[in-house]
Amino acid sequence: MPETILWLFDLDGTLIRTHGAGVRAMNRAFLEIMGWQEALAEISPAGLTDPIIAHRISRIKRGADMLADEMQRVFELYLKHLEAEMSIADYEVMPGITPFLEEQVDVPNVMLGLGTGNLEAGARLKLEPAGLNRFFPFGGFGSDARERSELLSIGVAKAGNLVGARIPAERIIVVGDTPHDINAGRAIGARTLAVATGPFSQAELMKYQPDLTIEDFTEEEAVKNFIRKIR
Ligand SMILES: [Mg+2]
């Protein structure tokens, strides 16, 4: 059997868009627990992990990190609100994603995982409406680590445990829609694929020198050529 290829997918702006459902749920949780209005408006959350989002807001609001118990209460309430928001969310799967995953999930040496700053429970809630959870049996999440590169490493380790072998960095592809994804992917030595379905254009993403930049996953030829170089 050919050697494993591991994909780690970012979630927001890469697989799906919730048109603000996640932001609304997080804002409500910050308001109800910390008393902070429109907390997310203080920062650019795209590409940041949930714990880093919380700490950054806290530093702006009062000059100090979140305490562990505050963070736990905010996140618990966030997940409750997210579940409610997702039931009415204006939901969108990014172009070409479902056909691409349908095809890759059947390739014997390919592993599909998540590499997202979302808490795992939040990621699962966000992927549920489109039935995308079935493609991603494991991943690295914001609930695993504060730093994006660290949660990617944890995702890689989980994949390694599943196949019972270490997966070499050059056979890992980190996919995301922000410079944070590209930088974190590079930090673990992985190949990086940037997709312009989030807040950044292809030209903006290219400045961070990902190994491939695409408009979206309907660019099948570009993605196939990219994979061919790894096989
Ligand atoms: Mg993203």
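User: A residue counts as buried if 20 or more other C-beta atoms lie within 10 Å of its own, as exposed if 12 or fewer do, and as partly exposed in between. In this predicted model, which class does Glu 150 fall into?
Analyst: Glu 150 is found in helix H6. Its count is 16 C-beta neighbours inside 10 Å, so Glu 150 is partly exposed.

User: What distance separates the C-alpha atoms of Glu 150 and Ala 184?
Analyst: Along the chain, Glu 150 and Ala 184 are 34 residues apart.

User: What radius of gyration does the chain have, and what does the globule rule give for 231 residues?
Analyst: The secondary structure comes to nine helices and eight strands. The chain is as compact as a globular protein of its length, because its radius of gyration is close to the value from the globule rule for 231 residues: 17 Å in the chain, and by the rule 17 Å.

User: What share of the 231 residues is buried?
Analyst: The C-alpha trace spans about 55 × 35 × 35 Å along its principal axes. Contacts between residues at least 6 apart in sequence join residues at least 24 apart in 62% of cases. Of the 231 residues, the buried share is 42%.

User: How far apart are the centres of domain 1 and domain 2?
Analyst: The domain assignment places 5–18 + 92–228 in domain 1 and 21–86 in domain 2. Taken over C-alpha atoms, the two centres are separated by 24 Å.

User: Which element gives the largest share of the side of domain 1 that touches domain 2?
Analyst: The contact takes 23 residues from domain 1 and 14 residues from domain 2. On the domain 1 side, the elements giving two or more residues are helix H5 (120–127), helix H6 (148–163) and helix H7 (179–187). That side divides into seven nonpolar, ten polar and six charged residues. Its largest share, four residues, comes from H5.

User: Against which elements do the buried residues of H5 pack?
Analyst: The buried residues of H5 are Gly 122, Ala 123, Leu 125, Lys 126 and Leu 127. They pack against strand E2 (16–17), helix H1 (21–34), helix H2 (50–62), helix H3 (68–86) and E4.

User: Which strands lie at the edges of the open sheet?
Analyst: Six strands form the sheet, with parallel pairing, in the order E5-E4-E1-E6-E7-E8. A strand at the edge pairs on one side only, which applies to strand E5 (139–140) and strand E8 (212–214).

User: What angle does the direction of H7 make with that of E6?
Analyst: H7 packs on the sheet, where it touches strand E6 (172–176) and strand E7 (191–195). The directions of H7 and E6 make an angle of about 165°.

User: Which residue in E7 stands opposite Gly 176?
Analyst: E6 and E7 run parallel, with four bridges between them. Five of the five residues of E7 are buried, and both faces of the strand are covered: Arg 191, Leu 193 and Val 195 are on one side, with Thr 192 and Ala 194 on the other. The residue in E7 opposite Gly 176 is Ala 194.

Conventions: Residues are numbered from 1 along each chain as its sequence is written. This is a predicted model: local features need pLDDT of at least 70, side-chain atom pairs count only at pLDDT 80 or more; totals for chains, interfaces and linings use all residues. The radius of gyration is taken over C-alpha atoms; the globule rule is 2.2 Å times the number of residues to the power 0.38. Two residues are in contact if their C-beta atoms, placed from the backbone, lie within 7 Å. Domain bounds come from an automatic or database domain assignment. Ala, Val, Leu, Ile, Met, Phe, Trp, Tyr, Cys and Pro count as nonpolar, Asp, Glu, Lys and Arg as charged, and the others, Gly among them, as polar. Two strands pair if DSSP finds at least two bridges between them. Axes are lines fitted to C-alpha atoms, for helices over the stretch in contact, and angles run from 0 to 180 degrees between N-to-C directions.
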